Each structure stands twice: as C-alpha cells, then as structure tokens.
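Welcome! Here is a short briefing to read alongside the sequence and the 3D view. Take a look at both, and then follow the topics below.

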Amino acid sequence: MSDLLTLFKTFQRVVETGSFTAVAAEFNTSQPTISRQIAALEERVGALLFQRTTRALAVTEDGRVLYEQARQTLDSVQQALGSVGRQRLAPTGLLRLACPVVFGRLHVVPRLPAFLARHPGVTIDLVMNDGFTDLVEEGIDLAIRIGAIIDPSLIARRIGLTRRVTVASPAYLAAHGTPAVPADLARHDCIVYARLATGNRWEFSGRDGPVSVTVSGRYRVNNSEGVREGVLAGLGIGVVPVWHFTDEIASGRLSVILADFEPKPLPTQAVYPSRRFLAPKVRAMIDFLAHEFELDPRLSSYGLDQ
C-alpha cells in the first residue's frame with residue numbers, strides 16, 4: 001500500500017507540474033526514476049496515463065480520472081493521520097514557503113532562526129518572488145501575500161496588516177514641491193508598482209472619506225526592490241508599506257507626505273492550497289508568523305480602530 005501511495009504522490013505532482021524533470025528536482029531524485037515510477041503505475045492500473053512527445057506531456061482521459069482519485073486518496077490519508085492525536089504530530093519535513101522579496105528580506109528571513117530552533121525537524125525552501133506563484137504547480141506549501149486573495153481554490157488566513165505611507169526624497173520635493181492633497185499627485189512623477197492590484201489608481205482615506213487618484217510617472221517597475229530604490233534615488237513619489245523604509249524615514253533620508261491621507265491598508269495573508277488537512281509544518285509556520293507579526297506594530301493593526 002505504501003508503494004502505491006508513493007506512486008500516487010509522484011503521479012499527482014507530474015500532472016500538476018507537467019514535467020518529469022521538475023518533479024525529480026522537487027523530490028531530489030533523477031528524471032529516469034520518476035519515469036520508471038509512472039511506468040510502474042501505468043502497468044499497475046493497466047492504462048496509459050500520459051501521451052509523451054519530445055516537446056510535451058499531456059494527460060490522457062484515464063490519467064485525468066486517476067488524478068482525481070489519487071488526489072482524494074492522498075488527502076484522505078493525510079486527514080486520517082492528522083485526525084488521530086494531531087497535537088502529538090511534530091512538524092517535520094521540507095516546507096516550501098513563498099513570499100514577496102522585500103517583505104521576505106526584512107520580516108521573514110530574520111525570523112526563521114527562531115522558527116527552525118523551535119522545530120528542528122523542519123527544513124525551509126524559501127521562494128522570494130513578487131509575482132503570484134501558482135502554488136500547486138510550483139509545489140508551494142504556504143505563501144505570504146499582501147492584499148486581497150481572489151483565487152477561490154486557495155485558503156487565506158489574515159496574519160497581519162500592511163499599513164502604507166506616501167513618501168518621497170527631500171531632493172525630489174525640493175525640486176518639484178510637496179503635494180498638499182492627493183489630487184496634487186496627478187501633477188507629479190509617481191512611481192507605479194506594476195503588481196499593485198489597483199495599478200496606477202491610488203486610494204487614500206481622508207477626513208471626509210475615501211479619495212482615489214490616478215497617477216503617472218516616468219518610472220514604472222514590477223519589483224518591490226525597484227520601488228524602494230526608485231524612491232531613494234529621487235525618481236518620484238511612492239506609496240509603500242510602513243515597514244519598507246523605517247530607518248530611512250527616521251533618519252530623514254525620506255519624507256512622509258500627505259500624512260492626513262493614509263493609503264488604504266492591505267491585509268497580510270497566509271495562503272495555501274485548499275486541503276481538508278493542513279500539515280503540521282504549515283500550521284506551525286502560520287501560527288508562528290501570526291504571533292510574530294502581532295507583536296510588531298509595523299505589521300499589525302496595532303493602534304488602528306477595528
């Protein structure tokens with residue numbers, strides 16, 4: 001039975017990634033080994049599961065039927081194991097964790113030593129990327145994302161709050177003036193973060209309610225590090241998380257502007273593929289980060305009326 005479950009697991013990941021090579025790298029084995037496992041499963045079920053060509057790997061109709069059954073079987077096994085003495089299960093194994101670049105550098109990586117010391121059986125594979133990684137295809141166990149989650153196949157738990165500020169370098173403000181209200185931003189160079197859900201429409205909260213303004217500029221970037229460096233270089237005005245420039249704001253290298261109009265806060269969320277049973281290693285990381293972020297006013301709703 002354990003041999004069949006191994007074959008099911010390999011088969012499931014090949015279907016989800018569309019690549020023997022990718023699964024071999026994920027399982028730390030060779031491509032021929034994965035190929036032999038799939039051949040063994042095909043022999044066992046008496047059906048062709050993939051159509052193979054030199055350029056593509058396509059799942060057959062029998063393969064699609066078996067995939068659903070295999071996935072349900074593996075989920076049921078995990079659920080059964082977790083339902084008996086779940087609290088006694090120590091977090092173990094490889095945890096593939098994804099997070100945005102700057103957030104990961106500043107607020108995830110520095111906290112990993114404490115997590116690993118607490119859970120010696122866990123190994124971390126950290127994927128830092130500002131894009132929306134396909135968790136299933138990339139074999140990601142858990143992702144930290146900032147903003148709303150619209151994919152219905154994902155489960156999200158809020159573990160913090162990202163408050164934002166509007167900032168610019170003193171040199172930029174000296175050359176171009178300081179905006180007094182959000183509408184003034186339309187006449188300024190603004191740094192547009194291409195991955196922001198609202199694009200170049202910036203939303204603020206003022207005394208009289210929400211304010212929205214469409215901004216533009218000569219510098220657009222799809223990476224949070226690029227936003228950070230662009231603001232520091234004086235390329236324009238940016239809307240950034242408060243934790244992005246803590247030291248630079250305190251030292252005066254950057255100035256906070258439009259203080260009476262706070263950009264709309266965004267939820268910080270732990271996101272994982274929909275499963276009936278959450279692996280102990282994933283649950284442990286979620287609980288750990290939620291507790292850590294709650295203690296940090298830069299990462300929580302501390303001070304805000306809820």
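A salt bridge is a side-chain nitrogen of Lys or Arg within 4 Å of a carboxyl oxygen of Asp or Glu. By that rule, the structure holds 18 salt bridges. This is a predicted model, in which local features need pLDDT of at least 70 and side-chain atom pairs count only at pLDDT 80 or more, while totals for chains, interfaces and linings use all residues. Residues are numbered from 1 along each chain as its sequence is written, and side-chain values use heavy atoms, with hydrogens and water left out.

**Overall picture**

- The chain has ten helices and 15 strands; helices (H or I, at least four residues) and strands (E, at least two) are DSSP runs, numbered from the N terminus.
- Along its principal axes, the C-alpha trace of the chain spans about 75 × 45 × 35 Å.
- Of the 306 residues in the chain, 43% are buried; buried means under 20% relative accessible area, exposed over 50%, and partly exposed in between (1.4 Å probe, protein chains only).

**Salt bridges**

- Aspartate 3 and arginine 44 meet through their side chains in a salt bridge of 3.2 Å, N to O. This pair links distant parts of the chain, with aspartate 3 in helix H1 (residues 2–17) and arginine 44 in helix H3 (residues 31–45), 41 residues apart.
- Aspartate 3 has a relative accessible area of 45%, so it is partly exposed.
- Another salt bridge brings together the side chains of arginine 163 and glutamate 262 (3.4 Å, N to O). Here too distant parts of the chain are linked: arginine 163 is in the loop between strand E6 (154–162) and strand E7 (164–168), and glutamate 262 is in strand E14 (residues 262–263), 99 residues apart.
- Glutamate 262 is partly exposed because its relative accessible area is 25%.
- Arginine 298 forms a salt bridge with aspartate 296, and their closest N and O atoms are 2.8 Å apart. Shared partners join Arg111, Glu292, Asp296 and Arg298 into one network of salt bridges.
- Why does aspartate 296 count as buried? Its relative accessible area is 8%, whereas arginine 298, at 32%, counts as partly exposed.

**Aromatic pairs**

- The structure holds five aromatic pairs. Rings of Phe, Tyr and Trp (its six-membered ring) pair if their centres lie within 6.5 Å; planes under 30 degrees apart count as stacked, over 60 as edge-to-face and the rest as tilted.
- Phenylalanine 103 and tryptophan 243 form an edge-to-face pair, 5.1 Å centre to centre with 70 degrees between the planes. Phenylalanine 103 lies in helix H5 (residues 101–108) and tryptophan 243 in the loop between strand E12 (238–241) and helix H9 (246–251), so the pair ties together parts that are 140 residues apart in sequence.
- Both phenylalanine 103 and tryptophan 243 are buried.
- Phenylalanine 103 also pairs edge-to-face with phenylalanine 293, at 5.6 Å centre to centre and 80 degrees between the planes. Phenylalanine 293 sits in helix H10 (residues 280–294), 190 residues apart from phenylalanine 103.
- Phenylalanine 293 counts as buried because its relative accessibility is 1%.
- One aromatic cluster is formed by Phe11, Phe20 and Phe50.
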